[in-house]
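Let's walk through this one together, with the structure open beside the text. We'll begin at a loop, move on to the ligand, and finish with charged pairs.

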Amino acid sequence: MIIISQLNWLCFLMPVMSFFDLISLRHSVRAFKEQKISDEVVEKILTAATKASSAGNLQSYQIFVITKKEDKKRLAVAAHEQNFIENASVVFVFCADPVTSAGEYGKRGEDLYCIQDATIACTYAQLAAHSLGFSSIWVGSFIEEQVARILNLPSGIRAIAMLVVGIPAEKPQITTRRPLSEIIHTL
Ligand SMILES: Cc1cc2nc3c(=O)[nH]c(=O)nc-3n(C[C@H](O)[C@H](O)[C@H](O)COP(=O)(O)O)c2cc1C
């Protein structure tokens with residue numbers, strides 16, 4: 001049996017997938033094996049997140065990394081009992097930092113850019129996790145105040161997304177997408 005530290009090494013040896021294959025093959029997973037992933041993998045995912053574009057390059061977000069079982073359990077409760085969170089290897093909580101963005105961009109920075117910055121960073125992290133051979137789920141349904149308390153967030157910092165990453169314990173059906181004709185408007 002391959003132990004998890006070997007699995008992490010195997011990820012680095014895997015052939016590089018094209019970007020278009022990566023985004024086509026990525027899918028959400030809502031059941032995880034209780035296994036750790038290495039600090040190197042976590043750091044790679046975080047570094048990828050910081051490569052994302054951000055308004056004025058301010059990176060007006062903060063990322064919290066949660067690996068302790070009891071903390072993941074509390075996050076699962078805050079996410080309306082989405083209990084699969086507890087078994088994941090790591091939860092990244094992406095938070096918007098409105099004050100940093102407002103300093104440069106005023107109300108638009110406070111209301112919009114910091115949310116966009118954090119969202120794009122989370123997207124990069126999700127794709128990075130998949131590129132490294134791990135599965136994930138983006139969790140947006142949670143009680144913000146409860147998450148702020150669990151993470152002891154500084155005032156003004158707002159949790160906007162949890163990226164739950166781990167080793168899949170299910171093979172879900174691939175989701176479909178609306179046809180381009182329903183969403184594209186070419187002028
Ligand atoms: C903003 C946002 C919030 C989401 N919140 C949740 C959530 O709370 N729980 C959940 O199970 N999935 C959540 N998802 C995952 C979506 O349901 C999933 O991405 C979508 O059904 C498409 O499936 P796919 O990721 O497999 O392509 C969320 C996704 C996004 C982008």
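**Loops, ligand and salt bridges**

His 80 sits in the loop that runs between helix H4 (69-78) and strand S3 (90-96); helices (H or I, at least four residues) and strands (E, at least two) are DSSP runs, numbered from the N terminus. Before going further, a word on the ground rules: this is a predicted model, where local features need pLDDT of at least 70, side-chain atom pairs count only at pLDDT 80 or more, and totals for chains, interfaces and linings use all residues. Residues are numbered from 1 along each chain as its sequence is written, and side-chain values use heavy atoms, leaving out hydrogens and water.

Back to His 80: its phi is near 55°, a positive value in a residue other than glycine. With a relative accessible area of 46%, His 80 is partly exposed (buried means under 20%, exposed over 50%, partly exposed in between, with a 1.4 Å probe and protein chains only). Gln 59 has a positive phi too, about 50°, and is not a glycine either. You'll find Gln 59 in the loop between helix H3 (39-50) and strand S2 (61-66), partly exposed at 31%.

Now the ligand. Which side chains put a polar atom by one of its oxygens? Ser 28 does, at 2.5 Å, and Arg 30 does, at 2.6 Å. On the nitrogen side, an N or O atom in the side chain of Gln 82 is 2.8 Å from a ligand nitrogen. The ligand has 620 Å² of accessible area on its own, and the protein covers 62% of that (areas come from the Shrake-Rupley method with a 1.4 Å probe; for residues, only the protein chains shown count as cover).

On to the charged pairs. Side chains of opposite charge can pair when their charged atoms come close. The structure holds five salt bridges, each a side-chain nitrogen of Lys or Arg within 4 Å of a carboxyl oxygen of Asp or Glu. One of them joins Lys 69 and Glu 86 (3.2 Å, N to O). This pair links distant parts of the chain, 17 residues apart: Lys 69 is in helix H4, Glu 86 in the loop between H4 and S3. Glu 86 counts as buried because its relative accessibility is 16%, while Lys 69 is partly exposed at 34%.

Lys 107 and Asp 111 also meet in a salt bridge, at 2.7 Å, N to O. They are four residues apart in helix H5 (residues 98-131), so about one helical turn separates them.

Conventions:
Polar contact = N/O pair within 3.5 Å; in protein donor to acceptor, adjacent residues only side chain to side chain.
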